[in-house]
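Please open the model in your viewer and keep the sequence panel beside it. The tour below goes from selection to selection and says what is found at each stop.

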Amino acid sequence: MPTKLVLLEQLRLGMYVARLDVSWIRSPFLRHSFLIRKQAQIDRLRRAGVQAVEIDPHRGLDVDDLPGQIHQEAGGGPAVGQAATPLAALAPHTRLARLAEEYAHAKIARQQLEQAVQSVYSSIAEQGTIDSRLAEEAVQEIRIAARTVSNSALFMALSQYRSGDAQLSRHALATCTLALILGQSYGFDPRQLNELGTAALLHDVGLMEIAPPILARCASTSFLLTERERRQFQSHPRLTVRILERDAGFEASMLHLINEHHALLDGTGYPPETRGEFTSARTRMLVIADRYDEMIIGFGGATPLAPHQALQRLYREAQEGRLDRDIVSRLIKSVGIYPVHSCVKLNTREVAVVADLNPARLHRPVVIITHEPDGSSCPTPRMVDLAHQEGTDRERRIDSVLDLDACSVEPAHVTDQATPPLGLAYS
C-alpha cells in the first residue's frame, strides 16, 4: 500500500510514520519510521520544525479514518476532504501574507535543494564518477519539496534571477523539479518518478567532458560554433549515457530518457538517431522542462525570458509541432500564463500580486493590488478578479511583469509570522 503525505496537524495517535520531511540531523528521533503512541511524540516533531510526514496506512491508522481532513498520496496530487477555510475565502491582507509565507518557504527549499544537487556535481567533478547514493538522495529531496511546498511558489523560486546562470547544478535542479511536478500531475508511480527525476538531475553530466571553450561559445553565441564543434556539443546526451553506464549501473529505461532529452517531435532535435515522434511521455516532459530552463537562462545566446514569456514560447513551439501539446498545456494550466506569486503592473499603473488562476481565462488571473498608481503602498490591499469586472468604470488588465521585489511580497510582519522552515532531506 502506498504511503500518504499528511500535514503534522493531521497526525494522530495510532498512525505509523514512514518518513519525515527533515534530515536525520534535525530529527528528534533516531528512526524516521515509528508508530505514534503518545501525543508527546507529535509535540517533539512540531518543536523540531517538522511540517509534514508520510504515513503507512498498512501499519497504522489511515487519514481517511479522520473526518474533514486534507491528505495527499505520496507521489500524486492532492485529495481534498472537508478542508479548513480555503485560500479564496480569506481577506486580501491575510491571503497576501499566506502567499508571502509560501514563497519564503519555497526559497528556503531552493537553498536546501541547491546544496544537495551541488554535492552531486561536486562529487562528479572531484572524483570523476557519479555517486548514485548522492543522486538518489537529491532526487528524493526534490520529490519531497514538490509535494510539501506549493508548486506555484517552488516554480517561481526556481525561476527567479536565473538570467545568464550557466551553473550546471542549478540547471539540473530546475529541470528535475519541473519534470517531477509534471510527472506527479500525471500520477506516475514512485518508480517512474524516480527514473524521471534521476534522468533530469543527470541529463547534462556529459557536458562536463566537452571542451570548456566550446561550452563557453555555445552558452553565449552558439552560431559561432564550427560544424565539428556543434557535433561535439550535440554528443553530450550520448556522453552522459556512457558515463552512467560505466560508473553507476543505472536502468536502461532511465538512460533512454537521457539520450532523448533533445529529441523534438518535428525531427529537428539531436542526437541524429533519436526520433521525437517515438519518444515516451516521460521523455517529452524532460524535453519540455529542459527547454523551459534554457529559455529563462538565455542559453545559446538568446535573450533570457521571464517565466511567463518562456511559457508562451513553449506554447508556440508546441503549436508548431516541436513539443508535446498536451504536456505543455498541462504545465501552463498548472502554473498559469502569469504564475501565482508573479508581480505584475496593470494598465491602471497599479502594482499587484497574482493570487489565483482562472482556468478558463489564464491571461486574466485573480490579483491583489499592493501599490497605487503613484507607487505608494496600499493601506488595505484590494483583490480583483481580472476575469470578472462587471460594473467597473475601467477594466483592469496586466500590462507587464515586474521583479517580485516590486510587490513587497515578503513584508517584515509576514516573516515574523512564518512557520519554521521546511527540512527536505530523507535520512
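Contact here means heavy atoms within 4.5 Å, and helices (H or I, at least four residues) and strands (E, at least two) are DSSP runs, numbered from the N terminus. This is a predicted model, in which local features need pLDDT of at least 70 and side-chain atom pairs count only at pLDDT 80 or more, while totals for chains, interfaces and linings use all residues. Residues are numbered from 1 along each chain as its sequence is written, and side-chain values use heavy atoms, with hydrogens and water left out.

Of its 427 residues, 52% count as buried, where buried means under 20% relative accessible area, exposed over 50% and partly exposed in between (1.4 Å probe, protein chains only).

Next, select helix α6 (residues 190-202) together with helix α10 (residues 252-259), whose axes come within 9 Å and cross at roughly 45°. Axes are lines fitted to C-alpha atoms, for helices over the stretch in contact, and angles run from 0 to 180 degrees between N-to-C directions. The two helices, α6 and α10, are therefore oblique to each other; angles under 35 degrees count as roughly parallel, over 145 as roughly antiparallel, 65 to 115 as roughly perpendicular and the rest as oblique. Show side chains, and you will find Glu-195, Leu-196, Thr-198, Ala-199 and Leu-202 of α6 meeting Ser-253, Met-254, Leu-257 and Ile-258 of α10.

Move on to helix α11 (residues 281-297) and helix α13 (residues 325-335), which pack at an angle of about 55° with their axes 10 Å apart, and this makes α11 oblique to α13. On the α11 side the contact is made by Ala-281, Arg-284, Met-285 and Ile-288, and on the α13 side by Ile-327, Val-328 and Leu-331.

Now turn to the backbone and select Tyr-270 and Pro-271, which are joined by a cis peptide bond with omega of about -5°; Pro-271 has its place in the loop between α10 and α11.

Then select His-341, in the loop between α13 and β7 (343-346), which has a positive phi of about 90° although it is not a glycine. Is His-341 buried or exposed? With a relative accessible area of 3%, His-341 is buried.

End at Arg-349, in the loop between β7 and β8 (351-356). Arg-349 is not a glycine, yet has a positive phi of about 75°, and with a relative accessible area of 53% Arg-349 is exposed.
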